[in-house]
Amino acid sequence: MAKLIIIAAIGKNKELGKNNELIWHLKEDLTFFKEHTLNHPIVMGYNTFLSLPKLLPKRKHLVLTHQNIENPDIKVFHDFNHLVKYLQEVDEDVYIIGGATIYKLFLPLANELLLTEINAECPSADVYFPNFNENDYERITLKEINEEISYKHVLLRRKK
Ligand SMILES: NC(=O)c1ccc[n+]([C@@H]2O[C@H](COP(=O)([O-])OP(=O)(O)OC[C@H]3O[C@@H](n4cnc5c(N)ncnc54)[C@H](OP(=O)(O)O)[C@@H]3O)[C@@H](O)[C@H]2O)c1
């Protein structure tokens, strides 16, 4: 089974997005995302797929959707269980890149949560990271950053 790693950038209230876009565009966080996901399969829902300006280079795109996507570079799954079965045969780290519905589906299965915790709020956000019990995870702070907004990268590793 692949090691499943959820990667997300969340506000103080677990805000994720608004109008099918990201809320905050933080330069170093985009680099962080790229460094981690590069050369790994990435799993996303259809809305997140639509929100991408283009396919992300050097990453196999696995999209969960009821739609058909005519692109040979994308592997489409119409059923969550089929996707999980596929991931069971994958022997590498797979990144779950969102959005909210996909995080919720994968939260019980994910080994690690790689979160960018942003020290900001967005009352008009319309999607949120699902609730979870922090006590189920060991928390490791990886890096603290101060750009125009302060934020930190943390790794939450599921306790055995
Ligand atoms: N802050 C972050 O780190 C981050 C990361 C990613 C995304 N986002 C934000 O999150 C928002 C998008 O999140 P979202 O929750 O609206 O959408 P999403 O999770 O990206 O995609 C949801 C869609 O995926 C498909 N889907 C979900 N479960 C399925 C299933 N079991 N079987 C088949 N298809 C399924 C459905 O599409 P169809 O039925 O239409 O096929 C569903 O409408 C955007 O604002 C985006 O910018 C933020």
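Which residues have the most contacts inside the largest nonpolar core? They are L4, I5, I6, I7, A8, V43 and I96, in a core of 35 residues. A nonpolar core here is a set of buried Ala, Val, Leu, Ile, Met, Phe, Trp, Tyr and Cys residues joined through C-beta atoms within 7 Å. A residue counts as buried if 20 or more other C-beta atoms lie within 10 Å of its own, as exposed if 12 or fewer do, and as partly exposed in between, with C-beta atoms placed from the backbone.

Before we go on, keep in mind that this is a predicted model: local features need pLDDT of at least 70 and side-chain atom pairs count only at pLDDT 80 or more, while totals for chains, interfaces and linings use all residues. Residues are numbered from 1 along each chain as its sequence is written.

Two or more of its residues come from each of β1, α1, β4, β5, α3 (80-88), β7, α4 and β8. Helices (H or I, at least four residues) and strands (E, at least two) are DSSP runs, numbered from the N terminus. Strand β1 gives the largest share of this core, seven residues. For a closer look, take A8: leaving aside neighbours within four places in sequence, A8 is in contact with L16, G98, Y103, L115 and F129. Contact means that the C-beta atoms of two residues, placed from the backbone, lie within 7 Å.

Now for the sheet. Strands of a sheet pair through backbone hydrogen bonds, either parallel or antiparallel. In this model, eight strands form an open sheet with mixed pairing, in the order β6-β5-β4-β7-β1-β8-β11-β10. At the edges are β6 (74-77) and β10 (137-146), each pairing on one side only. Two strands pair if DSSP finds at least two bridges between them. Neighbouring strands are turned by 20 degrees against each other on average, direction ignored. Helix α1 (residues 27-37) packs on this sheet and touches β1, β4, β7, β8 (112-118), β10 and β11 (150-158). The direction of α1 makes about 170 degrees with that of β1; axes are lines fitted to C-alpha atoms, for helices over the stretch in contact, and angles run from 0 to 180 degrees between N-to-C directions.

Several pairings can be followed residue by residue. Strands β4 and β5 run parallel and share four bridges, and G45 has L64 in β5 as its bridge partner. Strands β1 and β7 also pair in the parallel sense, over four bridges, with K3 opposite D93 in β7. Two bridges join the parallel strands β4 and β7, where I42 is partnered by Y95.

Next comes the ligand, surrounded by 27 residues, of which G17, G45, N47, G98 and G99 are the closest. Helix α2 supplies the largest share, four residues. G99, in the loop between β7 (93-96) and α4, is joined to G98 by a cis peptide bond with omega of about 0 degrees.

Finally, two lysines have a positive phi. K14, in the loop between β1 and β2, has a phi of about 70 degrees although it is not a glycine. K58, in the loop between α2 and β5 (61-64), has a phi near 55 degrees. K14 is partly exposed, with 18 other C-beta atoms within 10 Å, whereas K58 counts as exposed because it has 10 C-beta neighbours inside 10 Å.

Note on methods: Near = placed C-beta within 6 Å.
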